[in-house]
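Try each task before you read its solution.

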Amino acid sequence: MNLGTATPWNNPSAFIQDISRIVPHWTDASLAELNFGVALMPLLRYSSQRGIQITPLTSVVGKSVANIEGSVRCLYPELKLSTALHGTLQDVMQDLILETLSGEQAAQTALHLLSTLTQGPAQLQASLTDLSTRQLTLQTRNNLGDPIQAGRRHRGVAPINTLPALAMGAAYLRARHRKKNC
């Protein structure tokens, strides 16, 4: 879901359910049993059905991986991806954990936290002042490339739970705008 853009009518829980039905078939399949190009198609279909717009980069990466997978399948069809990736992913995860716990990362996190603690109250106060004087504005981008959901003549309205996220986004943008003008 991180490789796509959520549309106003997205349904991530249904997308996760769709994916969780097909992933068990992929996890223990050998390359002789699994064709990546064919396996990618349901993923793209489910994402479009559930309101998740996939970036074109995903299809390019998918095509590249499918080409590599086809070559490896010819060389070693008995290869199971889960077995091949198990040892490699362990090393990658260990490196990521060590990088996350490094002194540099801790210092960067501490600086971000300090910045948030010092600037956060002023940003919140400015946003609340703008809200109370009716001067708070939100700049949004209409994603005109979104397909309209089947059976509907217009795009759906964003759910009410997006209002807090919009308010936080507005506070961030206001603080950025003030920094640029200073």
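A salt bridge here is a side-chain nitrogen of Lys or Arg within 4 Å of a carboxyl oxygen of Asp or Glu. Keep in mind that this is a predicted model.

**Exercise 1.** Work out how Asp18 and Arg21 are paired, and where they lie.

*Solution.* Start with the distance: the closest N and O atoms of Asp18 and Arg21 are 2.6 Å apart, and the two form a salt bridge.

**Exercise 2.** Is Asp18 buried or exposed?

*Solution.* The cut-off for buried is under 20% relative accessible area. Asp18 has 2%, so it's buried.

**Exercise 3.** Which parts of the chain does the pair Asp18 and Arg50 tie together?

*Solution.* Check the contact: Asp18 forms a salt bridge with Arg50, with the closest N and O atoms 2.8 Å apart. Asp18 lies in helix α1, while Arg50 sits in the loop between α2 (36-49) and β2 (52-54), so the pair links parts that are 32 residues apart in sequence. Now put the pieces together: salt bridges with shared partners join Asp18, Arg21 and Arg50 into one network. The salt-bridge count comes to two.

**Exercise 4.** Where does Arg45 lie relative to the ring of Tyr46, and how many aromatic pairs are there?

*Solution.* Arg45 lies over the face of Tyr46, 5.3 Å from the ring centre. The count of aromatic pairs is zero.

Key. Residues numbered from 1 in each chain as written. Predicted model: local features only at pLDDT ≥ 70, side-chain atom pairs only at ≥ 80, totals over all residues. Heavy atoms only, no water. Helix = DSSP H or I, 4+ residues; strand = E, 2+ residues; numbered from the N terminus. Buried < 20%, exposed > 50% of the residue type's maximum accessible area, 1.4 Å probe, protein only. Phe/Tyr/Trp six-rings, centres within 6.5 Å; stacked < 30°, edge-to-face > 60°. Lys NZ or Arg CZ within 6 Å of the ring centre and 35° of its normal.
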